[in-house]
Amino acid sequence: MHVEQAVAPMTRAAPWLGVLRPRFLLLALSCVALGVALALQGRAADAAFLRDALLALLGALAAHAGVNALNEYSDFRQGLDQQTRRTPFSGGSGTLVAYPQYAGLTLGVGLGCVAICAGIGGYFLYRQPELIVSLAPIGALGLALVLAYTPWLTRRPWLCLLAPGLGFALVVLGTQRVLGGPFDAGAWLVSAVVFFLCNNLLLLNQFPDLDADRAVGRRTLPMLLGCSAAVRVLVIQWTLAYAVLVFALGLGGPHAGAALGLLGLPLAVRVGWLLRVPHDPARLLPALGLNVAVAVLTPALMALGLLLARLF
C-alpha cells in the first residue's frame with residue numbers, strides 16, 4: 001500500500017489530522033456510551049447529566065487521540081513506520097511517512113490531548129471532591145497508560161497485552177463514576193467485557209507488524225508465544241468476555257440488559273474461524289476488520305441493552 005493511500009481521505013485537507021486515527025476514535029465513543037448507560041441506571045438524564053456526559057466524552061476522545069498521536073510520533077522517530085506492513089486496521093496511519101514535517105506538531109498535539117484529558121478530570125474532581133478516592137486513581141492510571149504504552153509497555157509482552165483493555169475499561173468506569181454511578185459489582189462486571197475485547201483488538205493488530213516491531217526492539221505477545229498460541233489467547237479472552245455477559249443475564253437485575261452485547265458473538269466466532277491459519281494474509285485482513293467491529297459494536301450493543309432495560 002502506498003503511504004499516501006494510508007492517510008484517511010477525510011484528513012487530506014489537513015493531513016496532520018491523520019495522526020489522530022479518527023476512525024478508531026469510535027471505540028472511545030462506544031465505551032463512553034456504555035459508561036453513560038451504566039450511570040443512567042441510578043439517575044435521570046437532566047441538563048447537568050448531559051453536560052457532564054459530553055465533557056466525559058471529550059476527555060475520553062482526547063485521551064484516545066493523544067495516545068494515537070504519541071504512538072505515531074514514536075513509531076516515526078524509531079523508524080518503525082518506514083518498515084511496517086500497513087493495513088487499513090493496523091500499522092498506524094502512515095501520515096508522518098508521507099508528511100514528515102508534521103512530526104513536531106504531532107508530538108505537541110499528543111501532549112495537548114493528554115493535557116485536555118487531565119484538565120477535564122481535574123475539573124470533575126474540583127466539582128466533586130468526594131470522588132477523589134475513587135476517581136483520582138482511575139485518572140492517574142489512565143494517564144500513565146497513555147504516556148507509557150508506546151515507549152515502555154510495548155517492550156513487555158504481558159503488560160502490552162493487558163494495557164489496552166485496562167485503559168478502555170477505565171473509560172467505562174470513569175465515565176459512569178463522574179456521572180454519579182456507583183462502583184458496584186455490576187459496573188465492574190460490565191467493564192470486564194470491554195477489558196477482554198480491547199486487549200484482543202490490539203493483540204491481533206500486532207500480527208502484521210511482527211518483523212517491524214522486532215526491528216525496533218519491541219516485544220509483543222505474538223513474538224513471545226508465536227501467532228498460533230496468540231490466537232489461543234484471543235479465543236480465551238473472547239470466551240471470557242461473552243461468558244461475563246451470559247453471567248450478567250443469569251443474574252438478572254439492572255445490568256442484565258448488557259447481555260444484548262451477545263449479538264457481537266457471531267462476529268468473534270467468525271474472526272476465530274478465519275484465524276485457523278493466522279499467517280494467511282487473505283484471512284488475516286478480514287479478521288482484523290471484524291475484530292475492530294467486535295470491539296466497537298459489543299460495548300455499543302451493551303449500552304443499548306442497558307438503556308432499553310431501563311425504559312421497559
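**Note on helices, cores and cysteines**

1. Arg21 sits in the loop between α1 (3-6) and α2 (26-39). Helices here are DSSP runs of H or I with at least four residues, numbered from the N terminus. Arg21 is not a glycine, yet its phi is positive, at about 50 degrees. Arg21 counts as buried, with 17% relative accessibility. Buried means under 20% relative accessible area, exposed means over 50%, and partly exposed lies in between (1.4 Å probe, protein chains only).

2. A word on the basis. This is a predicted model, where local features need pLDDT of at least 70 and side-chain atom pairs count only at pLDDT 80 or more, while totals for chains, interfaces and linings use all residues. Residues are numbered from 1 along each chain as its sequence is written, and side-chain values use heavy atoms, with hydrogens and water left out.

3. Look next at helix α3 (residues 47-78), which holds His64. Is His64 buried or exposed? His64 is buried, at 9% relative accessibility. Beyond its neighbours within four places in sequence, His64 is in contact with Phe24, Leu25, Leu27, Ala28 and Phe168. Contact means heavy atoms within 4.5 Å.

4. Tyr73 is also placed in helix α3. Tyr73 is buried at 18% relative accessibility. Sequence neighbours within four places aside, Tyr73 is in contact with Leu96, Ala103, Thr106 and Leu107. Tyr73 and Val19 are 54 residues apart in sequence, but their C-alpha atoms are 8.2 Å apart in space.

5. Two packed helices are described by the angle between their axes and the distance between the axes. The axes are lines fitted to C-alpha atoms over the stretch in contact, and angles run from 0 to 180 degrees between N-to-C directions. Helix α6 (residues 132-148) packs with helix α7 (residues 157-178) at about 150 degrees, with the axes 10 Å apart. The nine nonpolar residues in this contact are joined by four polar and one charged. Ala, Val, Leu, Ile, Met, Phe, Trp, Tyr, Cys and Pro count as nonpolar; Asp, Glu, Lys and Arg count as charged; the others, Gly among them, count as polar.

6. Helix α7 also meets helix α8 (residues 185-205): their axes come within 7 Å and cross at roughly 145 degrees. The residues of α7 in this contact include Leu166, Phe168 and Val172, and those of α8 include Trp188, Val194 and Cys198. By class, the contact has 16 nonpolar, four polar and no charged residues.

7. Which residues touch the most other members of the largest nonpolar core? They are Leu27, Leu34, Leu204, Phe207, Leu234, Trp238 and Leu275, in a core of 77 residues. A nonpolar core is a set of buried Ala, Val, Leu, Ile, Met, Phe, Trp, Tyr and Cys residues joined through side-chain atoms within 4.5 Å. Apart from neighbours within four places in sequence, Leu34 is in contact with residues including Val172, Val190, Val194 and Met302. A second, separate core has 12 residues, among them Ala62, Tyr73, Leu96 and Val109.

8. Finally, the cysteines. The count of disulfides is zero, a disulfide being a pair of cysteine sulfur atoms within 2.5 Å. Cys198 is buried, at 1% relative accessible area. For Cys113, the closest cysteine sulfur is in Cys117, 9.4 Å away and so too far for a bond. Cys113 is buried at 12%.

Definitions and conventions
Helix = DSSP H or I, 4+ residues; strand = E, 2+ residues; numbered from the N terminus.
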